[in-house]
Structures are given as structure tokens and as C-alpha cells.
Amino acid sequence: MKMITRRGLFLLVLVIAFLGGLGFLTYSLVSDGHKWVMQPYNSHVYYDGELTGAGKITDCTGRSLAETVDGKREYNDSLTTRKATLHAVGDTKGFISTGVQNIYEAKLTGYNIVTGIFSAANGKSNDMELTIDADVCDVAYEALSDYKAGCVGVVNYKTGDIVCMVSTPSYDVQNKPSDIDENPYYEGVYINRFLTGLYTPGSTFKIVTAICAIENIPDIYERTFNCVGEYDPGSGTPIECNAYHGKINFNDALAKSCNSAFAQIAIELGPEKLAKTAQQLGLTSNVTVSGDIVSQTGRFFLEKGDADDYIGWTGIGQGDTLLPPVSLLRLAGAIANDGKTVSYNLVNSFANKAGKALDLDFTKRETQLISTDTADKMKKMLRYNVEEQYGDYNYEGLNLCAKSGTAQIDADDDHNTAWFVGFMDDEKNPYAFVVLVEYGNSGSQTAGPIANRVLQALVNK
């Protein structure tokens with residue numbers, strides 16, 4: 001009897017272990033099956049380590065950006081378009097981690113839990129239409145081509161659809177350079193600078209300091225500040241200004257990008273208020289695109305007890321703050337959209353070969369970054385910037401609201417990062433934009449004309 005009981009217990013343990021293992025295997029198949037399938041040695045969807053079994057990718061106008069022809073991945077006929085859309089489309093080996101060919105490779109092949117890769121093996125992989133406009137991306141790429149590196153991003157701030165996303169340097173994905181890993185020209189070529197680059201924001205950060213001032217200094221618009229070419233906080237390093245502005249008010253301080261005034265404002269606000277505002281504006285969190293593409297997280301280093309000179313430098317965007325361009329774009333779009341930001345999207349539609357719409361499980365959300373009142377005040381200030389400082393004649397017909405930035409990276413040379421960020425205050429053309437140029441000298445003189453060129457191409461199509 002004891003022997004039977006022991007055997008029964010042993011069999012029970014075996015059954016429980018079997019069922020547990022079966023349950024774990026089933027769970028793993030459901031959660032990680034697509035990862036098992038999407039391996040370079042799977043000849044049904046890869047050839048020589050390169051993805052081949054994926055569906056067609058087009059831009060918002062239907063222009064083909066990538067498709068499989070005779071078992072080989074082919075790209076747009078235009079060399080410019082191939083380079084301009086590289087970081088949106090991605091490569092076939094996964095080096096460009098934010099490209100849709102990498103993020104959605106299993107979905108593009110048609111993989112599902114029931115049929116596996118049956119669709120891909122039989123030439124029935126799924127097709128994807130992106131929100132970007134390849135023509136506009138071409139213009140952005142050509143505008144950036146005179147510079148070492150940079151990016152352009154344009155989004156519809158009402159819908160969240162990204163219409164332009166270009167990062168340089170780039171390369172021809174159809175004819176990959178043999179010296180790509182050695183040639184200094186291609187340094188950082190796999191990085192999508194718009195999403196994952198981290199940069200000192202320079203004077204574009206004065207938008208953040210201004211928002212914090214509006215919400216925490218009741219009489220900020222009645223204040224005047226005295227600029228003598230620098231501001232000495234009493235200890236540490238004086239904050240140098242770009243000019244001798246004399247007595248200046250809040251509006252003009254932003255328009256003229258007065259470092260003296262904004263250093264004083266930042267020191268009065270203090271590190272805790274500035275840090276709280278940066279967090280509320282989403283600058284210390286990532287930006288998610290189409291539910292699966294995730295940006296780099298911004299970094300803001302300011303805390304209680306920091307010295308006044310460090311607070312001042314941080315308040316004008318020359319501290320240790322590092323931001324991805326997409327974070328500033330999201331902030332600009334929120335200011336344009338009554339303080340609300342919407343989820344960003346790169347995928348316009350997704351369907352099988354028969355044209356049946358497929359679901360990417362992407363849920364759009366709307367988030368109130370700042371109050372409607374603060375957004376309205378900032379909108380007027382950024383519009384004033386263009387009217388009084390940058391000149392409407394340089395941005396004809398765009399009704400632009402913007403802020404430039406020139407972040408000094410190295411005091412010993414001309415290594416500046418040029419920024420231009422803002423939006424069109426136009427119901428018919430609700431576009432926010434960001435332009436960044438490495439080694440770009442001046443924000444308004446280098447990045448500003450690029451923004452104008454891209455936006456003019458977009459609204460005059």
C-alpha cells in the first residue's frame with residue numbers, strides 16, 4: 001500500500017511539473033513567439049542575415065519606400081529619398097533600432113500565433129503606410145546636407161502624425177558603404193537623432209524657464225531686468241549675455257534671448273520649481289511613437305542646494321540638461337494646442353495583401369502638459385519673437401511662433417548646436433517643428449532657414 005501511495009505521489013508531481021512546463025511553454029510562445037521567429041537564421045524571412053520576407057512600406061502619398069521583389073528588399077528609386085527616410089524605415093539588419101522594419105518586423109512578415117510565418121513564406125506579408133511625406137523629407141535632407149549632422153522633425157500637433165522625420169548623417173540602404181564603420185563622415189549614422197540623440201538645449205530651454213516664471217511669479221510681466229552684458233550672481237561664474245540690453249521686460253527678454261534676465265529669473269525661481277516644471281512638461285520622460293517606438297529620456301540635473309551660478313546657467317539652457325529634439329517638439333506642439341499634447345504616430349495604416357485593415361494595438365491619448373492660460377501666454381510670446389526678432393519676412397505666410405537656441409558645447413572652438421523650435425499658428429496647417437544642427441553656429445541663422453524651407457515645402461505642396 002505504501003509503495004502504491006509513493007508511486008501515486010510521484011506521478012502526481014510529474015503531472016503537475018508537466019502541466020506547469022506546458023503552461024510556461026504556452027505563455028512563452030504567446031509572449032515571445034515573434035522573437036523566436038524573427039531570427040536572422042530563419043530562411044523564410046531572412047536571407048544572408050537580412051530581412052526579405054516583409055511587406056511593402058509606403059509614405060502617406062503611397063510612394064514605395066521599401067518592398068520585397070524577387071526575394072530581395074528593394075527601396076525607393078530616388079537616392080535622396082532612400083537617405084531621407086532611412087531612419088524612419090530602418091535597415092534590414094536591425095542596426096537602426098527605431099526604424100519600422102525593426103520595430104514591426106514580425107507584423108510586416110505577417111506572423112501570428114496561429115499560422116506562424118505561413119503568410120511570409122507564401123508571399124502574403126503585411127503592408128504598412130507611414131505618416132511621413134517623402135517629398136518633405138527629401139527637402140529636409142537636402143537642407144541638412146551641408147552640415148555635419150542634425151535632424152528635422154515636423155508633427156501635426158492636432159493629430160500627432162509625424163509628417164517629417166529626418167536624421168543625418170545617413171547612407172544609401174540599398175548600397176551600404178563599405179567603409180561605414182571606419183569613415184568619420186558616418187559617425188553616429190545608425191542613431192535617429194530626432195528620437196534618441198541627447199543635446200544641450202541652449203536658449204530653447206528659456207521656454208521652460210518662461211513657463212515656470214508665468215506660473216510662479218505673479219508680476220513677471222510687470223518686471224524689468226537690467227542687462228549689462230552679463231549677470232554676476234555673487235559667487236561662481238558670471239553668466240555672460242549675447243549683448244548689452246540695458247533695461248528689458250519679460251517679453252523682450254525672451255525675444256532677444258537675454259541671458260542676464262533669464263539667469264536672474266531662474267535663480268529667483270530656484271532649483272525645485274524649475275525641476276518640477278521640467279518634469280511636468282515631460283522633459284524627463286520619453287516620448288512614445290505608435291505605441292512601440294520609444295525616444296531617449298531627457299536629463300535634467302538641478303536640485304535643492306545648487307549654487308546660484310549653476311541655477312542661472314541651467315535656466316538659460318547651458319547647464320547639464322540634455323534633451324532629445326522630439327521632447328522640445330512635443331512641448332512646442334502642446335503650446336500650440338492649448339496646452340495639450342497628443343500621442344505621436346508614425347504608422348498611418350496597416351493591412352494584409354487583400355487590403356484588410358490590421359490592428360497595431362496603438363491607442364491615442366491626449367495629455368494636458370500645461371494650462372490653457374499658460375499656453376496662450378507662451379504662444380503670444382513666441383509669436384512676438386518672430387515678429388520682433390526673427391522677422392516674419394523670413395517665414396512668409398507661415399504665421400510662425402518660435403524660439404531659437406545656440407548651445408555652446410566647447411568654449412575653445414566653434415562647436416555650437418543650433419536649434420529652432422516652434423509651430424505654425426494656423427488651423428489649416430497645424431504643424432509643430434524642431435530643427436537641430438550640430439556644429440551649426442547660430443540657431444536663428446542656421447536652423448531657422450532650414451525650418452522655413454521644410455515648412456514652405458509642406459504647406460505649398
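A crossing is left-handed if the near helix is turned anticlockwise from the far one by less than a right angle, and right-handed if clockwise. I wrote that down before opening this predicted model, where local features need pLDDT of at least 70, side-chain atom pairs count only at pLDDT 80 or more, and totals for chains, interfaces and linings use all residues. Residues are numbered from 1 along each chain as its sequence is written, and side-chain values use heavy atoms, leaving out hydrogens and water.

**Entry: α9 and α15**

I looked up how α9 meets helix α15 (residues 372-390), and found an angle of about 130 degrees with the axes 10 Å apart. Axes here are lines fitted to C-alpha atoms over the stretch in contact, and angles run from 0 to 180 degrees between N-to-C directions. That makes α9 oblique to α15 (under 35 degrees is roughly parallel, over 145 roughly antiparallel, 65 to 115 roughly perpendicular, the rest oblique). The crossing is right-handed. Contact means heavy atoms within 4.5 Å; among the residues of α9 that meet α15 I noted Ile207 and Ile214, and on the α15 side Met378 and Leu382.

**Entry: α12**

Which residues of α12 (271-280) are buried? I found Pro271, Leu274, Thr277 and Ala278 (buried is under 20% relative accessible area, exposed over 50%, partly exposed in between, with a 1.4 Å probe and protein chains only). The face turned away carries exposed Glu272, Lys276 and Gln279.

Methods. Helices (H or I, at least four residues) and strands (E, at least two) are DSSP runs, numbered from the N terminus.
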